[in-house]
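Q: Could you walk me through this structure? I am new to it.

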Amino acid sequence: MTSAATPPAVENPSKSTARTRPAGPFGALAGLGGQNLSLVGALLAVLAVFGILNDNYLSWTNIQVIAEAATITGLLAVVQTVVIICGGLDISVGSQAGLASVVSAMAFTSAGSNAFAGTAVALAVGALVGLLNGAVIVYGRVNATIATLAGLAAYKGVAQLVSDGRAQGYVLNDAVFVFLGRGRIAGLPVMVWILILAAAAVHVLLKYTDIGRNLYAIGGNDTAARLAGIAINKYLVAVYALIGVVAAVAGILLTARTGSGQPVSGSEGLELKAITAAALGGCALKGGKGGIGGTLLAVALLGALENGLTVQGINSFWQNVAQGTLLVVAVVVQQRRSGDRAVGLPG
C-alpha cells in the first residue's frame, strides 16, 4: 500500500508546472511559440487588410484609438487569464466593471467632487464583490461558471438599481479623471500605461514567484496541489478578490473615458471579450496553462478587428459574430491539441 504521505502522483509544483508556464521576456512567445506566432500572423493580416482598405487605419492617431479602446478589455483579460490558469472562470467581470463605474461617479459626486473618494469606494466595492464570488465558489461549493453567471445578473441589477438605470455624475470637470481618461505620458494614453503596468505585474507574479507556480499547480492538478500542501481555498478566494479590484479599476477608467458612471453601457459584453482573449491567447479552459503575452496579443487582435470593422462602417452586430466565432475556434484548437475525445464520437 502506498503511503498517503508520499503519493506517487505528487511532485514539486514548480517542477510540474515548468512545462506549462510561459517562457521568455515579458510574454509567452517562447513557451507558447506556435500559439503566439499564429496570433502575430493574424494581427499582421488584420492590420494589412484594413490598412489597404482605409489609408487612415494605420495612422498613429488611430493606433492610439485602438490601444485606448482595448485597455478595459485588456485589464479584464489579464485577470481572466489568472483565474483560468488556476482552473476557474469569472463571467461577471463586465457587470463588476459597470457597478464600479456607477459607484465611482456617485461617490465622487457625494464627496463634493473628490476623485480620490470616488476611486477608493469603487476599489473597496470591487474587492468586496470579488471576495463574495470567491466565498460562494469555495465555501458554498458552487461551480465557478454558475456562481459568476449569477453574479453577472446580480451585479448588473445592483448597478441599475443604485443608478436608476441612468448614467450618474459628471467627472470631466476633475483633473484626476481627465488625466486618467484623456491624459498622455510619453505619447501614449495613460489608460494604456495602466494596462502595461498591470500586465507586467501579473506576468512577474505568474512567472517568477511561488504564488504563480502554485496557481499553475492548482489548475494543472488540484488534488496533487492539495497533497503538496497548497492552500487551494485561500488562493482561489484571493484570485477572485484580485479580479474584483482590477474590474473596479476598469470601471473607474470607463467612468473617466465616458465622463460619467455607466451601469451598463460600455461594460456589457466585456466578459465575452475577456474570455475570448484569454482563450485565444493560449489559456487552457481546463486550467494549468496560459500566459500574459498571448492574452495581450489576443487583446490587440480583437481591438484591431473591432476598430477595422467600425472604420469600414460594417454593422456593429458583426463584431459580436466575430467574437463568438473566434472563441469557438480557440476552444476547438485547444481540444485538437490536447487530444481529448470529441463528445459523441468514438475515441
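Q: What share of the contacts with a separation of 6 or more comes from residues 24 or more positions apart?
A: Residues 24 or more positions apart account for 77% of those contacts in the chain, contact meaning heavy atoms within 4.5 Å. This is a predicted model, where local features need pLDDT of at least 70, side-chain atom pairs count only at pLDDT 80 or more, and totals for chains, interfaces and linings use all residues. Residues are numbered from 1 along each chain as its sequence is written, and side-chain values use heavy atoms, leaving out hydrogens and water.

Q: How many helices and strands are there?
A: The chain has 14 helices and 2 strands, taken as DSSP runs (helices H or I, at least four residues; strands E, at least two) numbered from the N terminus.

Q: At what angle do α4 and α11 pack?
A: Helix α4 (residues 93-110) and helix α11 (residues 232-258) pack at about 55°, with their axes 7 Å apart; axes are lines fitted to C-alpha atoms over the stretch in contact, and angles run from 0 to 180 degrees between N-to-C directions.

Q: Moving to α7, which residues are buried?
A: In α7 (residues 175-182), Phe177, Leu180 and Gly181 are buried, that is, under 20% relative accessible area with a 1.4 Å probe, protein chains only. On the other side of α7, Ala175 and Arg182 are exposed (over 50%).

Q: What covers the buried ones?
A: The cover of the buried residues of α7 includes α3 (60-85), α4, α5 (115-138), α8 (190-208) and α11.
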